[in-house]
Amino acid sequence: MEETFEKHCNSIAHWAEEDRPREKLERLGAQVLSNAELLAILIGSGTPNESAVDLMKRILSDCHNNLNTLGKLTCQELQRYKGVGPAKAITILAACELGKRRAMEKAEERTALDSAVAIYEYLHPRMQDLDVEEAWVLLLNQHFRLIKSLCISHGGLSETAVDVRIMLKEALLCNATVLALAHNHPSNHAQPSSADNQLTRRVQAACETMRIYFLDHVIITDGQYFSYREEGKL
């Protein structure tokens, strides 16, 4: 009876939700988890007498709590621990190798979109053959580097509906401090319509309210563009 209770308590499934590694990562982010907790998520389970977290704590302790030392173990050495079979050993070593490769790589260089020309050159290949209007929002950091680009509307021959709330929601979710809007004119006529002007004013007002810098609204055609910023309309 006592042994059964102990096994029950050792199972991660019966821990308080705030202590379970997967739920903890989802709520608080990966950075708050210990190395043992992160590895426990990968191996999934321990033994009837030892949770996955405790198993990984024991293995790490034998490695002097050093991930580099852990990564130097072989599959056979890892399988000497009760609860670690070939699949778990391979998973642990694959994770260590990925960490090593990440450390060797440079951070991805984000595209700089600090001008209407840069916005045009970025979006023109995506829009040049469209026969309907599309609207894209470009979400940037304070250095005008691209965080995320998103097609927010795909419409008709002469107009497309843009929900400003969606644009602002995406900007807030991405922690963007700069926003640019762009859409194409399938007619190949770059001059803005009255509807384009109204949309620009709505987006500008919304960005001012949320303290997001509205960089530009660029109208793209196959070979030329119209920039509200360059034309002094922002």
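**Close-up views of a predicted model**

**View 1. The largest nonpolar core and the residues that hold most of its contacts.** Of the 20 residues in this core, Met56, Ile59, Leu70, Leu78 and Val84 touch the most other members. A nonpolar core here is a set of buried Ala, Val, Leu, Ile, Met, Phe, Trp, Tyr and Cys residues joined through side-chain atoms within 4.5 Å. Buried means under 20% relative accessible area, exposed means over 50%, and partly exposed is in between (1.4 Å probe, protein chains only). Helices α3 (35-43), α4 (52-62) and α7 (86-104) each put in at least two residues, and α4 gives the most, with 6. Helices (H or I, at least four residues) and strands (E, at least two) are DSSP runs numbered from the N terminus. This is a predicted model, so local features need pLDDT of at least 70 and side-chain atom pairs count only at pLDDT 80 or more, while totals for chains, interfaces and linings use all residues. Residues are numbered from 1 along each chain as its sequence is written, and side-chain values use heavy atoms, with hydrogens and water left out.

**View 2. Zooming in on Ile59.** Skip the neighbours within four places in sequence, and Ile59 is in contact with Leu70, Leu78, Tyr81 and Val84. Contact means heavy atoms within 4.5 Å.

**View 3. Helix α9 against helix α10.** The axes of α9 (residues 164-173) and α10 (residues 194-210) come within 10 Å and cross at roughly 35°. Axes are lines fitted to C-alpha atoms, for helices over the stretch in contact, and angles run from 0 to 180 degrees between N-to-C directions. On the α9 side the contact uses Val164, Met167, Leu168 and Leu172, and on the α10 side Leu199, Arg202, Val203, Ala206 and Met210. Sorted by class, that makes 8 nonpolar, no polar and 1 charged residues. For the classes, Ala, Val, Leu, Ile, Met, Phe, Trp, Tyr, Cys and Pro count as nonpolar, Asp, Glu, Lys and Arg as charged, and the others, Gly among them, as polar.

View 4. Lys24 and Glu37 are both buried. Arg20 and Glu23 also pair up, at 3.7 Å, N to O. Arg20 counts as partly exposed at 22% relative accessibility, and Glu23 is partly exposed with a relative accessible area of 22%.

View 5. The side chains of Glu97 and Arg101 meet in a salt bridge at 2.9 Å, N to O. Both residues lie in α7, 4 residues apart, about one turn of the helix. Lys100 joins in too: Glu97, Lys100 and Arg101 are linked in a network of salt bridges. Glu97 counts as partly exposed because its relative accessible area is 28%.

**View 6. Ser34 in its loop.** Ser34 sits in the loop between α2 and α3. Its relative accessible area is 32%, so Ser34 is partly exposed. Ser34 and Pro21 are 13 residues apart in sequence and 9.2 Å apart in space, C-alpha to C-alpha.

Terms used
Salt bridge = Lys/Arg side-chain N within 4 Å of Asp/Glu carboxyl O.
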